Amino acid sequence: EININFTKKLLEFAKNKNKFKKIIHLSSAIIYDNENTSPVLENDKLYLNYSNYSFTKGMSEHYVNFYRETFGLPIIIFRLSNIYGPYQNVNDSPFLVPSKIVEALTKKEIVVYNLKPKRDWIYSEDAAEAIVRSLTADYSGILNLASGKGSSVDDIISEIAKQTNVPYSSLEKDTNGPLDFYCDISKIKKVLDWTPVTDIPEGIKKTVDYIKKNIKL
């Protein structure tokens, strides 16, 4: 309903207007094929059928591209990597960073399935800065919105454990997805004159501090 139908309604509305300066569509790096070799480029192979989420995100991007190419709408499509930071919902969150911070603060320990997989993590303020810059950019098309670096689950969890002063362990279970995934961000750096500036320790610290201060656990 949201990823596909509502997106189509917005596009249908937009195609008959001539006053739009920019339309921003947030897609996801989850639609890249797991067989791609990192760093993954915008023109690398896609695969949508991993889950209902990946399928609907991929289909919505196809619709957006169709309207961009057919009706000339000024659209930037961001393929967003794993975003984290303050203000992210922490209640029964399926996302690693907020869920494990909450686990550390409430259970005084962290347990994960596997510490080995590497993913591309981007701090929310860095992502927001790129989106704001895109509003005035003379560009239409697809951009990876990511850190351009692969950080393992161990990198993330060890930092959370360090900053919350709790132990952590792994169940050593198999996980879905590639073991080493991160995006190429050379295109977005050139188009938007943008570079992410927040590293994992700083981003985790800001997120932990926010949850401690603002969330009742």
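Two strands pair if DSSP finds at least two bridges between them. Helices (H or I, at least four residues) and strands (E, at least two) are DSSP runs, numbered from the N terminus. The model is predicted: local features need pLDDT of at least 70, side-chain atom pairs count only at pLDDT 80 or more, and totals for chains, interfaces and linings use all residues. Residues are numbered from 1 along each chain as its sequence is written, and side-chain values use heavy atoms, leaving out hydrogens and water.

Strand β1, residues 23-28, pairs with strand β2, residues 75-80, in the parallel sense over six bridges. Within this pairing, I23 has I75 of β2 as its bridge partner.

The loop between β1 and α2 holds P39. The peptide bond leading from S38 to P39 is cis, and its omega is near 0°. Most peptide bonds are trans, and most residues other than glycine have a negative phi.

Two residues other than glycine have positive phi values: K108, near 65°, and D193, near 50°. K108 sits in the loop between α3 (96-107) and β4 (110-112), while D193 lies in the loop between α6 (186-192) and α7 (200-214). K108 counts as exposed because its relative accessibility is 54%; the classes are buried under 20% relative accessible area, exposed over 50%, and partly exposed in between (1.4 Å probe, protein chains only). D193 is exposed as well, at 61% relative accessible area.
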